[in-house]
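Visitor: I would like to learn how to read a structure like this one, feature by feature. Please show it to me.

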Amino acid sequence: MNVDVFTLFPEWFDWFSSQRHISNVLADGSSLRCVNLRDHTPLSGRQVDDMPFGGGAGMVLRVDVLDSALQAHYGIDPVLLREQRRVIALAPGGRLLDDALVDELAGEPALTLLCGRYEGFDERILEHFASDVVSIGRYVLSGGELAAMVLCDAVMRKLPGALGHEESAVEESFSAALGGHPEYPHYTRPAEYRGWRVPQVLLSGHHQRIESWRRERSQERGRELSREAGED
């Protein structure tokens, strides 16, 4: 997989790229490249933002700056770029990132991530350059860099070779393998600590019972989440 991140802070991704599961994927042939928007702005003083029309607090990333950066990197009109690869703008009002979307993106050969800043993007960037607008939650961050790392982490850990055991990314919270429910509880040694005992079924060695217990606990957690969300 080829991932390009358009950002004002490319150095932030140095630490991220060094994380073991990410470095495993990169060593296996994937790439994670960062493009500094300030290196390609057509404006003087490396300017990338401007005041919003209509007034209001904050600054907005300019459409001409993103246009220039995307054209410089890919050599084509950004309007056409989304026909070749997924171009994802990170913004709080976008489609919520969930396991189904992560699986969908993990199947893509290439992703382009656009990191917002200040008050966000000029809307024309979302309308004409982005194929997707994605949110990691209904809250606001100072910029899209952390959201881009969350998306990359979720997607790239599903790629072959990322994790020590391929099964680790299969039966996880909200995965299809668990019917979209949270993952079941996990325990390890010691079997008893301060009077807190590990459920006996997990010590039984009876794999069918263990599997049944885990599914039941996963479903219980799913029902609890639904109640908390007011869905029941």
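The dialogue below goes through the features in turn.

Visitor: What should I know before starting?

Guide: This is a predicted model, in which local features need pLDDT of at least 70 and side-chain atom pairs count only at pLDDT 80 or more, while totals for chains, interfaces and linings use all residues. Residues are numbered from 1 along each chain as its sequence is written, and side-chain values use heavy atoms, with hydrogens and water left out.

Visitor: How many helices and strands does the protein have?

Guide: Helices (H or I, at least four residues) and strands (E, at least two) are DSSP runs, numbered from the N terminus. The protein has eight helices and nine strands. Its C-alpha trace spans about 70 × 40 × 35 Å along the principal axes.

Visitor: What share of the residues counts as buried?

Guide: Buried means under 20% relative accessible area, exposed means over 50%, and partly exposed is in between, with a 1.4 Å probe and protein chains only. Here 41% of the 232 residues count as buried.

Visitor: Which residues have the most contacts inside the largest nonpolar core?

Guide: In soluble globular proteins, nonpolar side chains tend to be buried together. A nonpolar core is a set of buried Ala, Val, Leu, Ile, Met, Phe, Trp, Tyr and Cys residues joined through side-chain atoms within 4.5 Å. The largest one has 30 residues, and Val3, Leu111, Leu113, Leu151 and Val155 have the most contacts inside it. Among the elements that each supply at least two residues of this core are strand 1 (2-7), strand 5 (86-96), helix 5 (99-106) and helix 7 (145-156). Helix 7 gives the most, with eight residues. A second, separate core of 20 residues includes Leu37, Leu70, Leu114 and Leu126.

Visitor: What does Val155 touch?

Guide: Contact means heavy atoms within 4.5 Å. Not counting residues up to four places away in sequence, Val155 touches Met1, Val102, Leu105, Ala106 and Leu111. For the protein as a whole, residues 24 or more positions apart account for 70% of the contacts with a separation of 6 or more.

Visitor: Is His21 buried or exposed?

Guide: His21 counts as buried because its relative accessibility is 18%. Its place is in helix 2 (residues 20-27). A polar contact is a pair of N or O atoms within 3.5 Å; within protein, one must be able to donate a hydrogen and the other to accept it, and residues adjacent in sequence count only if both atoms are side-chain atoms. The side chain of His21 makes such a contact with the side chain of Asp153, at 2.8 Å. Leaving aside neighbours within four places in sequence, His21 is in contact with Asp153, Arg157, Ala162 and Leu163.

Visitor: How many salt bridges does a search of the whole structure find?

Guide: A salt bridge is a side-chain nitrogen of Lys or Arg within 4 Å of a carboxyl oxygen of Asp or Glu. The search finds 17 of them. In one, the side chains of Asp4 and Arg85 meet at 3.3 Å, N to O. This pair links distant parts of the chain, with Asp4 in strand 1 and Arg85 in the loop between helix 4 (78-81) and strand 5, 81 residues apart. Both Asp4 and Arg85 are buried.

Visitor: Which residues are linked in a network of salt bridges?

Guide: The network links Arg86, Arg95, Glu104, Glu108 and Asp132. Between Glu104 and Arg86, the closest N and O atoms are 2.8 Å apart. Glu104 is in helix 5 and Arg86 in strand 5. Glu104 counts as partly exposed, at 34% relative accessibility, whereas Arg86 counts as buried, at 13%.

Visitor: Which backbone features stand out for a new reader?

Guide: The peptide bond from Arg189 to Pro190 is cis, with omega near 0 degrees. Pro190 is found in the loop between helix 7 and strand 8 (192-193). Arg46 has a positive phi of about 60 degrees although it is not a glycine. Arg46 is found in the loop between strand 2 (31-36) and strand 3 (49-50), and Arg46 is partly exposed, with a relative accessible area of 41%.
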